[in-house]
Amino acid sequence: MIYLDNAATTPMIQEVKDEICQAFEIYGNPSSTHAAGRQAKNIVEQARRTIAQRVKSKPAEITFTSCGTEAANLILKSAVSSLEIKHIISSKLEHKCVLESLKQLEELYDVRISWVEHHSDGSVDLENLEKQLQECESPVLVSIMHANNEIGMINPVKEIAALAHKYDSLYFADMVQTLGHYDINFEEVPVDFASASAHKFHGPKGIGFAYVRQPHKLFPQISGGGQERNLRAGTENVPYIAGLAKAFEMALVDLEEDQKYVVELKKYAHDKIEENFPEAKFHAYSDDAKKSLFGLLSVSLPFRNTMLSFELDLHKIAISQGSACSSGAVKNSPVLSQILPDEVLESTTPLRISFSKLNSKSDVDALVEALVAICAKHA
């Protein structure tokens with residue numbers, strides 16, 4: 001199988017598997033005071049220190065969660081319950097975990113939700129954001145992702161954070177697609193909250209973390225114990241926390257070299273698709289890793305085929321037609337619906353191609369060959 005769906009999840013690398021297996025031998029409960037418990041607790045706290053050191057934060061600002069979705073839910077819902085946030089400014093291009101949480105907060109807690117405008121490439125309109133912040137009578141929470149998981153555009157988080165703080169507001173950045181892929185320094189990127197998920201950078205599924213800048217104190221969304229400094233009850237997943245830290249550490253070791261390799265692969269795919277499908281439309285494309293996710297290529301192919309990903313699967317190519325959280329749904333992408341006119345949506349087929357350092361140009365060649373074959377079959 002050729003795997004080109006790394007924005008959904010990445011293959012776990014061997015070093016991470018080894019780290020997890022080693023941690024499985026430590027069977028103590030981290031909350032126990034005996035030697036076996038202290039061993040497990042040491043793994044958890046060492047992992048916390050490893051991540052904190054890499055992102056230039058305090059260990060106490062890292063809270064382990066089951067995934068990025070849980071981290072986002074914890075931050076958004078606790079901001080309302082703990083920090084008395086009554087108004088949230090967000091974007092309709094956010095990940096489903098944010099959009100669904102906002103909908104729930106609006107319905108259950110009467111939180112006001114405002115939507116920021118964006119440019120044609122999907123990036124946030126900073127002037128519109130500032131205008132909305134100026135008109136707010138009370139502090140708000142700005143919830144705008146760092147990078148979009150469907151089209152790859154990157155938002156200017158430093159500028160967004162600066163605007164939020166200028167108007168005494170807070171900023172949460174969904175960083176699931178960037179933490180572990182970019183060298184992010186929270187001393188230089190002053191977000192108040194951020195979320196991450198290990199399986200996006202060759203770690204295990206089912207583990208992630210929330211970054212909560214001190215002195216903000218959130219209220220736990222899961223009750224029943226004092227774990228994670230009273231922010232998330234439940235016995236910690238020690239082996240996967242160890243795997244998360246190992247994956248995060250390894251992702252940043254050869255980051256510059258890996259970025260350069262994947263950017264070249266992305267450009268190669270762009271050129272090959274453009275050569276075979278001249279009318280294809282690329283979304284938020286850039287071969288500059290600072291402007292667009294270096295491992296993601298979003299394209300609308302000039303024909304309509306809602307079953308394209310299934311047909312590619314028959315060619316042994318794993319790929320997505322949109323967000324993994326919306327997979328299987330034969331309907332237009334909510335993200336593309338915000339930036340493309342209806343006539344384009346109804347006459348084209350979206351494809352999200354996402355690479356990792358484990359891919360090669362031969363994978364791209366096989367993909368383009370299969371696309372040409374499928375197109376000819378339906379012609």
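**Entry 1: a ring cluster.** I began with Phe201, Phe209 and Phe248, which ring pairs link into a cluster. A reminder to myself: this is a predicted model. I then counted aromatic pairs over the whole structure and noted six.

**Entry 2: Phe186 and Tyr211.** How are the rings of phenylalanine 186 and tyrosine 211 arranged? I found them stacked, with 4.0 Å centre to centre and 10° between the planes. Next I looked up where each ring sits. Phenylalanine 186 is in the loop between strand E6 (170-174) and strand E7 (193-197), while tyrosine 211 belongs to strand E8 (residues 208-212), so this pair ties together parts that are 25 residues apart in sequence. Are the two residues, phenylalanine 186 and tyrosine 211, buried or exposed? Both are buried.

**Entry 3: Phe201 and Phe248.** Back to two members of the cluster, phenylalanine 201 and phenylalanine 248. Their rings make an edge-to-face pair, at 5.4 Å centre to centre and with 65° between the planes. I wrote "edge-to-face" because planes over 60 degrees apart count that way. Phenylalanine 201 comes from the loop between E7 and E8, and phenylalanine 248 from helix H8 (residues 238-251), so the pair ties together parts that are 47 residues apart in sequence. I checked burial here too. Phenylalanine 201 has a relative accessible area of 1%, so I noted this residue as buried. Phenylalanine 248 is buried as well, with a relative accessible area of 1%.

**Entry 4: a lysine and a ring.** Which residue lies over the face of tyrosine 268? I found lysine 361 there, at 5.0 Å from the ring centre.

Technical notes. Residues are numbered from 1 along each chain as its sequence is written. This is a predicted model: local features need pLDDT of at least 70, side-chain atom pairs count only at pLDDT 80 or more; totals for chains, interfaces and linings use all residues. Side-chain values use heavy atoms; hydrogens and water are left out. Rings of Phe, Tyr and Trp (its six-membered ring) pair if their centres lie within 6.5 Å; planes under 30 degrees apart count as stacked, over 60 as edge-to-face and the rest as tilted. Helices (H or I, at least four residues) and strands (E, at least two) are DSSP runs, numbered from the N terminus. Buried means under 20% relative accessible area, exposed over 50%, partly exposed in between (1.4 Å probe, protein chains only). A charge sits over a ring if NZ of Lys or CZ of Arg is within 6 Å of the ring centre and within 35 degrees of the ring normal.
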